[in-house]
Amino acid sequence: MGKRHLLTIVDVGKRFGGVSALDKCSVEFESGKITAVIGPNGAGKSTLLNCISGALVPDSGSIRLFDDDVTGAKPHILARKGLARTFQISRELSSLTLLENLLLADRPSDPMSFFAPVFRRARVLDEQAEAVNRAMGLLRRVGLDRLADETASALSGGQKKLLELSRALMLKPRVVLLDEPAAGVAPPMVKVLIEVIRDLHAEGVDFVLVEHNMDMVAALSDEVVVMAEGTPLMRGDFKAVTTDARVAEAYLGGVV
Ligand SMILES: Nc1ncnc2c1ncn2[C@@H]1O[C@H](COP(=O)(O)OP(=O)(O)OP(=O)(O)O)[C@@H](O)[C@H]1O
Ligand SMILES: [Mg+2]
């Protein structure tokens, strides 16, 4: 059986002034796998996720999701096609409760319509009840259901990452792009995140995992892509890439 392409990125370029964040970046992500993207600070990992998810429009090149050309597509269009993401810095709405955070995430194109009284009709109430059930189920999965009615500002850094993941899952995605879910998260909570991601993958959700935490990369990745200076340097399994001399050199180069 041939490889199934989830995402095909071809020759994508993205500059910020004089900085070339992505430079003719070509990479494929297969469905049925968790692919990790690693590399030194500034390698272009977040910019790649931003271009795929519609947060940034590439200067050049093309991006396909499943069989569709989605180059430059807006995030809510991509969400409808089954793509969700989390951010390197959690984006919870701190004055809202956890449950409200999830309910808003359900309507990326028009968040405020949820609260509009004009929509309080029977069909919408049914939809809302379904969304509340789904939100509570997701909070239970990530172990935050007890805190459903607390404001998000009360959460620890690790709990915010779990909330961020559950927000992405409200859209019932087929693929989730994760930007450093383990950053700033205490080791026991990293274990929880690993279990949640592993279970979701077993249920058919694919992941692209940008991560510096090598315990998480080792635990989750089927394949690892190493980025350096805006383009992939190599790909292989965890052991192959972490023992490769070029990869070690790229990391050292990034530090200096
Ligand atoms: N919005 C922006 N404006 C200006 N420069 C940017 C912007 N976003 C990224 N860059 C620059 O583009 C390059 C790639 O950044 P990017 O955030 O994609 O790296 P990264 O691999 O995610 O790094 P890290 O591991 O530190 O998160 C860096 O030189 C960065 O300073
Ligand atoms: Mg980044």
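How far is an oxygen atom of ligand 1 from a polar backbone atom of G42? The separation is 2.9 Å. The points below set this contact in its context.

1. Basis of the note. This is a predicted model, in which local features need pLDDT of at least 70, side-chain atom pairs count only at pLDDT 80 or more, and totals for chains, interfaces and linings use all residues. Residues are numbered from 1 along each chain as its sequence is written, chains are lettered from A and ligands numbered from 1 in the order in which they are written, and side-chain values use heavy atoms, with hydrogens and water left out.

2. The side chain of T47 places an N or O atom 2.6 Å from a ligand oxygen. Ligand 1 exposes 630 Å² when taken alone, and the protein buries 62% of that area (Shrake-Rupley method, 1.4 Å probe).

3. The shell around ligand 1. The ligand is surrounded by 14 residues (a heavy atom within 4 Å). The closest are N41, G42, K45, T47 and H212. By class, the shell holds 5 nonpolar, 7 polar and 2 charged residues. Here Ala, Val, Leu, Ile, Met, Phe, Trp, Tyr, Cys and Pro count as nonpolar, Asp, Glu, Lys and Arg as charged, and the others, Gly among them, as polar. Helix α1 gives the most to this shell, with 3 residues. Helices (H or I, at least four residues) and strands (E, at least two) are DSSP runs, numbered from the N terminus.

4. Helix α1. Buried means under 20% relative accessible area, exposed over 50%, and partly exposed in between (1.4 Å probe, protein chains only). Among the buried residues are K45 and T47. Just after the helix, G54 adopts a positive phi of about 85 degrees.

5. Strands β1 (residues 5–16) and β2 run antiparallel and are joined by 8 bridges; two strands pair if DSSP finds at least two bridges between them. K14 stands opposite L22 in β2. The hairpin has 2 residues between its strands, and G17 takes a positive phi near 55 degrees.

6. The largest nonpolar core. This core has 38 residues, with L98, L144, L163, M170, I197, F207 and M216 making the most contacts inside it. A nonpolar core is a set of buried Ala, Val, Leu, Ile, Met, Phe, Trp, Tyr and Cys residues joined through side-chain atoms within 4.5 Å. Helix α6 supplies the largest share, 6 residues.

7. Helix α3. Because 7 of its 8 residues are buried, α3 is largely enclosed by the rest of the structure. L98, L99 and N101 are among the buried residues of α3.

8. Two individual positions. N133, in helix α4, is exposed, with a relative accessible area of 58%. Its C-alpha atom is separated by 16 Å from that of L163, 30 residues apart along the chain. L177, in strand β7, counts as buried at 0% relative accessibility. L177 and G143 are 21 Å apart in space, C-alpha to C-alpha, and 34 residues apart in sequence.

Key
A polar contact is a pair of N or O atoms within 3.5 Å; within protein, one must be able to donate a hydrogen and the other to accept it, and residues adjacent in sequence count only if both atoms are side-chain atoms.
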